[in-house]
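This briefing is intended to be read beside the sequence and the 3D structure. It moves from the whole chain to individual residues.

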Amino acid sequence: ITRLDIQVGQILQALDANKISDNTIVIFTSDNGGERFADTWPFSGRKTELLEGGLRIPAIIRWPGKVPKARTSDQPMISMDWMPTLLEAAGSKPDPAFPTDGMSLLPHLTRDAPPIQRTFHWRFRQHNQRAIRDGDMKWVKIEDNEFLFNVVVDPLERANLKNRQKDVFERLKTQFAAWEATMPPEPTDSNSSGFKASELADHIGAKTDGASR
């Protein structure tokens, strides 16, 4: 992390020294949540999991004079948003014949537009994981276990609301099924491996003498 911080700092210093910072967008982000030994607090889960710790990623943008300093946004974002965002920043837009899966974040980054509700879908072959987030609510399926969480008030995903908000639970399941029906089948030879409970330092979920820890 220290070396990464130094290298990013050198890039920003070079942009400033060459007086091109105002015309250069710098984005720091990631492709997935925390690795095996990462501290994903205040979320649970890690890479290869569809819990928030495996999905939430850093997203920092620097564009002097356009994006205000030290401001955060409550707008839910996803990696596919960067293409339409950068296209709009460059004065362009996606080809209508090839629409993107994301939306431009520019109004939320530069003009402080109010957050809008969005729906995101995920699936991962390992453990037959499925998830959909609609607004603040998220349905998750891991093997044969299903959950409903409010990930805004409960980012640790501890309170399973599937029995207390059955209407929301069923609605999200139906929405996910409709989305998945439009997707190609998952390749059976795809690399969807992950850590087993017995390989993790805390061994949570590992079976010992016929019982799970």
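This is a predicted model: local features need pLDDT of at least 70, side-chain atom pairs count only at pLDDT 80 or more; totals for chains, interfaces and linings use all residues.

Residues are numbered from 1 along each chain as its sequence is written, and side-chain values use heavy atoms, with hydrogens and water left out. The protein has 213 residues, of which 31% count as buried. Its secondary structure consists of five helices and eight strands.

**Overall architecture**

- Helices (H or I, at least four residues) and strands (E, at least two) are DSSP runs, numbered from the N terminus.
- Along the sequence, the protein follows the order α-β-α-β-α-α-β-β-β-β-α-β-β.
- A box of roughly 65 × 40 × 35 Å, taken along the principal axes, is filled by the C-alpha atoms.
- Contact means heavy atoms within 4.5 Å; of the contacts with a separation of 6 or more, 51% are between residues 24 or more positions apart.

**Surface and charge**

- The protein exposes about 13,900 Å², and carbon and sulfur atoms supply 54% of this area; accessible areas come from the Shrake-Rupley method with a 1.4 Å probe, and for residues only the protein chains shown count as cover.
- The protein carries 28 positive and 29 negative charges, and their mean positions are 1 Å apart.
- In this count Lys and Arg are positive and Asp and Glu negative, while His and the chain ends are not counted; the place of a charge is NZ of Lys, CZ of Arg, CG of Asp or CD of Glu.

**The largest nonpolar core**

- A nonpolar core is a set of buried Ala, Val, Leu, Ile, Met, Phe, Trp, Tyr and Cys residues joined through side-chain atoms within 4.5 Å; buried means under 20% relative accessible area, exposed over 50%, and partly exposed in between (1.4 Å probe, protein chains only).
- The largest such core has nine residues: Ile 132, Met 137, Trp 139, Leu 148, Leu 161, Val 168, Phe 169, Leu 172 and Phe 176.
- Strand S5 (137–142) and helix H5 (166–180) each supply at least two residues of this core, and the largest share, four residues, comes from H5.
- Leu 148, in strand S6 (residues 145–150), counts as buried because its relative accessible area is 0%.
- Beyond four places in sequence, the residues that Leu 148 touches include Met 137, Trp 139, Leu 161, Val 168, Phe 169 and Leu 172.
- With the same exclusion of residues up to four places away, Val 168 touches Met 137 and Leu 148.
- Leu 148 and Phe 124 are 24 residues apart in sequence and 18 Å apart in space, C-alpha to C-alpha.

**Two buried polar residues**

- Gln 75 lies in the loop between strand S2 (59–62) and helix H3 (82–89) and is buried, at 4% relative accessibility.
- A polar atom of the Gln 75 side chain lies 2.6 Å from the backbone nitrogen of Ile 116.
- Apart from neighbours within four places in sequence, Gln 75 is in contact with Met 103, His 108, Pro 114, Pro 115, Ile 116 and Arg 118.
- Arg 130 belongs to strand S4 (residues 129–134) and is also buried, at 9% relative accessibility.
- The side chains of Arg 130 and Asn 128 make a polar contact at 3.4 Å; such a contact is a pair of N or O atoms within 3.5 Å, where within protein one must be able to donate a hydrogen and the other to accept it, and residues adjacent in sequence count only if both atoms are side-chain atoms.
- Beyond four places in sequence, the contacts of Arg 130 include Trp 122, Phe 124, Trp 139, Phe 176, Glu 180 and Glu 186.

**Backbone features and loops**

- The peptide bond from Trp 41 to Pro 42 is cis, with omega near 10°; Pro 42 lies in the loop between strand S1 (26–29) and helix H2 (52–55).
- Asp 112, although not a glycine, has a positive phi of about 55°; Asp 112 lies in the loop between helix H4 (106–110) and strand S3 (119–124) and is partly exposed, at 49% relative accessibility.
- Glu 143, another residue other than glycine, has a positive phi near 55°; its place is the loop between S5 and S6, and its relative accessible area of 38% makes Glu 143 partly exposed.
- Lys 162, in the loop between S6 and H5, is partly exposed at 27% relative accessibility.
- Lys 162 touches Glu 146, Leu 148 and Phe 169, not counting residues up to four places away in sequence; Lys 162 and Glu 146 are 16 residues apart in sequence and 7.9 Å apart in space, C-alpha to C-alpha.
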